[in-house]
Amino acid sequence: NFISLTNVPSLFISPPDFIYDDIILRTYLDTELVKMYSLSRYFIFQRIPLYIFFITYIIDLIIDRRWTVRNIGKERYLFLAFILYFLLIPIYRIDEDSNRFFAKSIETFLPFLVFGLIGFLGFNSKFRIQYFAYTLIFISVGSIILITRYIGVSTFINSPEKTDLFSVNRIELFNSHMNYNIYLNLSILAIFYLFITRPFKFKVAVIPLLSVCLIIISYVLLISEGRTGFITTLITGSIFFIYFLVKWKKRMIVPFVIILIPAITYVVKNNKRLSKNFMEKEPRIVIWEAGVNTTKQSFPWGMGVSDGREQFFKNGLLCIKESSPEDFNNRGLSVVKDDFTQGKMHTHNQFIWSTVSFGIIGIILLLFILIYPCFIGNKGKKVFISLAVAIFTIQMVFENFGVGISVILFCFMLTLFFHSNRKLVGENH
């Protein structure tokens with residue numbers, strides 16, 4: 001009842017060589033620390049893995065004297081953008097009237113500073129993307145099994161309302177669909193990675209097991225009440241399989257597309273949350289309207305994280321006041337109004353937040369962080385980096401960092417992609 005995947009960074013610690021050298025022990029420790037980090041009711045448990053990671057990182061940095069040998073390439077511009085994106089918060093604070101959200105924003109975006117610095121210094125040679133991938137898959141499938149057992153396997157199978165049944169119990173045991181589904185989508189990407197790159201010592205017996213994991217995770221995403229996770233699965237899955245066919249099975253592209261289009265149409269058409277009736281009840285329309293109005297007022301230089309948010313609240317209440325009684329009732333705006341009044345509402349869009357807070361500078365930096373990684377790195381990793389960024393980008397259209405998107409997971413994943421020393425088996429393809 002107190003497990004949360006809100007900010008799970010998956011593989012969040014890889015002990016230095018002089019502490020552990022056994023791969024199995026390393027992976028097990030990584031997984032256990034992730035599960036410890038998932039315990040969110042008592043906040044101290046979230047901090048423990050963070051402390052361990054950064055303490056062991058500093059020790060490893062000193063022992064290896066990594067600052068004397070680090071050879072960083074084009075990715076240095078990405079890590080510089082990380083640091084600058086974080087520094088905008090204290091820079092804009094100088095000219096703000098309010099400091100209401102300053103401390104919270106510093107805490108939320110601190111991973112951009114930390115992983116920006118780590119990006120310049122690098123990880124030790126034992127970091128492997130495959131450990132990260134296996135841990136993602138293990139946590140995702142394990143959580144699904146736990147939820148299903150909590151419900152009762154027979155109860156779940158026989159239920160005509162699997163979406164609602166799974167949703168209620170997932171929220172009770174873990175978290176909302178936004179936080180949970182992004183983790184599952186990254187797990188699917190991890191399975192794709194293991195299929196394509198075939199890491200060393202990759203056993204043929206693992207392929208059927210990964211296939212079963214892929215089916216389980218995909219099924220949960222397809223029955224999810226979350227539209228973002230559902231759509232992300234369809235988009236990234238389709239892109240991956242088309243990429244795979246282009247590279248290795250070009251003759252299968254046309255038959256695949258012929259099957260894919262009607263299959264996606266059928267799945268989308270039968271998703272209740274994508275129906276016209278449900279879309280007409282979407283409260284984000286009003287929230288985005290308030291965000292866009294605030295963007296216009298703050299452009300081109302932005303208002304800062306506190307002043308911008310305060311203005312966003314005022315615009316939100318004004319939009320609700322101007323809404324029709326029908327919209328007010330259909331969209332559930334009474335709850336939205338309470339969140340605006342109490343200062344709890346967020347923009348539900350990271351691009352709007354960046355523009356409101358930091359103006360044209362903020363949106364350019366955010367777009368650079370999302371686009372630039374897709375054009376650097378070796379060929380073997382580029383498609384996976386692009387898909388990972390796509391997963392987060394789709395999420396950013398509907399959520400904010402620190403709310404429905406883990407900043408730690410985002411920064412850690414990009415940093416690891418550019419600092420994993422292992423060459424991919426398929427990178428020459």
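Colleague: Where does Phe-410 lie?
Modeller: Phe-410 is part of helix H19. Helices here are DSSP runs of H or I with at least four residues, strands are E runs of at least two, and both are numbered from the N terminus. This is a predicted model, in which local features need pLDDT of at least 70, side-chain atom pairs count only at pLDDT 80 or more, and totals for chains, interfaces and linings use all residues. Residues are numbered from 1 along each chain as its sequence is written, and side-chain values use heavy atoms, with hydrogens and water left out.

Colleague: Okay, is Phe-410 buried or exposed?
Modeller: Phe-410 is buried, at a relative accessible area of 1%. Buried means under 20% relative accessible area, exposed over 50%, and partly exposed in between, using a 1.4 Å probe and protein chains only.

Colleague: And what does Phe-410 touch, leaving out residues up to four places away in sequence?
Modeller: Its partners are Phe-82, Phe-112, Ile-369, Leu-370, Phe-392, Met-396 and Phe-401, where a contact means heavy atoms within 4.5 Å. There is also Pro-111, 299 residues away in sequence, with a C-alpha to C-alpha distance of 9.1 Å from Phe-410.

Colleague: Stepping back, how many helices and strands does the protein have?
Modeller: It has 19 helices and 0 strands. Of its 429 residues, 52% count as buried. Among contacts between residues at least 6 apart in sequence, 79% join residues at least 24 apart.

Colleague: Which helices each supply at least two residues of the lining of the largest cavity?
Modeller: Helix H5 (129-151), helix H8 (177-197) and helix H19 (407-419) do. The lining includes Ile-129, Leu-186, Tyr-193, Phe-384 and Met-413. Its residues divide into 12 nonpolar, no polar and no charged.

Colleague: Switching to the backbone, which residues does a cis peptide bond join?
Modeller: Phe-299 and Pro-300, with omega about 10 degrees. Pro-300 is in the loop between helix H13 (284-298) and helix H14 (305-322). Separately, His-348 is not a glycine, yet has a positive phi of about 55 degrees. Most residues other than glycine have a negative phi, and most peptide bonds are trans.

Colleague: Where does His-348 lie?
Modeller: His-348 lies in the loop between helix H16 (333-341) and H17, and is buried, at 12% relative accessible area.

Colleague: Last one: where is confidence lowest and where highest?
Modeller: Helix H1 (residues 23-37) is lowest, at a mean of 41, and helix H17 (residues 350-371) is highest, at 96. That is pLDDT, the predictor's confidence in each residue, from 0 to 100. The protein's mean is 80, with 82% of residues at 70 or more. Residues 1-43 stay under 50. Where pLDDT is low, the predicted coordinates should not be read in detail.

Definitions and conventions. On a 1 Å grid over the protein atoms alone, a cavity is a set of points where a 1.4 Å probe fits but cannot get out, and a pocket is an open set with protein on both sides within 12 Å along at least five of seven lines; lining residues have an atom within 4 Å of a point. Ala, Val, Leu, Ile, Met, Phe, Trp, Tyr, Cys and Pro count as nonpolar, Asp, Glu, Lys and Arg as charged, and the others, Gly among them, as polar.
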